[in-house]
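Colleague: I would like to go through the terms used for this model and hear what each one rests on.

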Amino acid sequence: MREPWVVGVSGASGTPYAAAVVNGLLDAGEPVDLIVSRAARLTVLDETGRPFRDGHWAEDLAAWLGRDLTGADVRHWPAGDIAAGPSSGSYRVRGMAVVPASTAACAGIAIGLSKDLLQRAAEVNLKERRPVVLVPRETPVTRSHLEHLIALHDAGAVVLPASPGFYGAGAAATAQQLVDFVAGKVLDALGVPHTLFRRWAGQLNADRS
């Protein structure tokens, strides 16, 4: 039986993180169910210059990810489709990542708002006790932001801020290396193998000697 990972993309800045996570899942041979919020479509367009349209989602996703999706197990669900598969706990999935996770999405998930399919799917995965990883990128944060993140943590989610490490490539790290570091941490939290970054091995300057 197909058991995909659900990837929700909210409207926060940081769509390269989402692309890296989806690419990492596909590279690992994992099936993916994708939900792109209405606000995220504007962010994707702003950060990449590319549209994301329901009617042309496969073409637009391939262009966004920079890969041929032939043979890839990817399914797209419109964010407005509250009756979609991921809206129900009986729809089998392995878990969910919300990347990037806007403060609005985090708040909606924390209080059970179910404003759209992304929020509903995250709530369903939390109630079913499946892995849920949220990647907030906003900085600085207010008290209400922190309270929502604490509520999500207490509900069983992994709160994984988009905070890249520099111990791999150091100060000379490229933007893609920093993006891949965060994406790799998301995949670690989901238990999906990857080679997106070199792991710390207890030796200073190991990657730059």
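Predicted model: local features only at pLDDT ≥ 70, side-chain atom pairs only at ≥ 80, totals over all residues.

Colleague: Where does UniProt place the feature "domain: Flavoprotein"?

Modeller: The unreviewed UniProt entry puts that feature at residues 5-190; such annotations may be inferred rather than shown by experiment. Over residues 5-190 the chain is 44% helix and 15% strand, and the end C-alpha atoms are 9 Å apart. Helices (H or I, at least four residues) and strands (E, at least two) are DSSP runs, numbered from the N terminus.

Colleague: Which residues of helix 2 are buried?

Modeller: In helix 2 (residues 38-48), they are A40, R41, T43 and V44. Buried means under 20% relative accessible area, exposed over 50%, and partly exposed in between (1.4 Å probe, protein chains only).

Colleague: Why are the buried residues of helix 2 said to line one face?

Modeller: Seen down the axis of helix 2, they fall within an arc of 165 degrees, so they line one face of the helix. The arc is that of the directions from the helix axis to the C-beta atoms. On the other side of helix 2, R38, L42 and D46 are exposed.

Colleague: What do the buried residues of helix 2 pack against?

Modeller: Their partners include strand 1 (5-9), helix 1 (15-27) and strand 2 (32-36). Contact means heavy atoms within 4.5 Å.

Colleague: How many aromatic pairs does the structure hold, and why is that of Y167 and F181 called edge-to-face?

Modeller: The structure holds 5 aromatic pairs. Rings of Phe, Tyr and Trp (its six-membered ring) pair if their centres lie within 6.5 Å; planes under 30 degrees apart count as stacked, over 60 as edge-to-face and the rest as tilted. For Y167 and F181 the centres are 5.6 Å apart and the planes at 85 degrees, so the pair is edge-to-face.

Colleague: What makes F181 count as buried?

Modeller: F181 has 9% relative accessibility, so F181 counts as buried.

Colleague: Why is the pair of F181 and F197 called tilted?

Modeller: The ring centres of F181 and F197 are 4.9 Å apart and their planes stand at 35 degrees, so this pair is tilted. Y167, F181, F197 and W200 form one aromatic cluster.

Terms used: Residues numbered from 1 in each chain as written. Heavy atoms only, no water.
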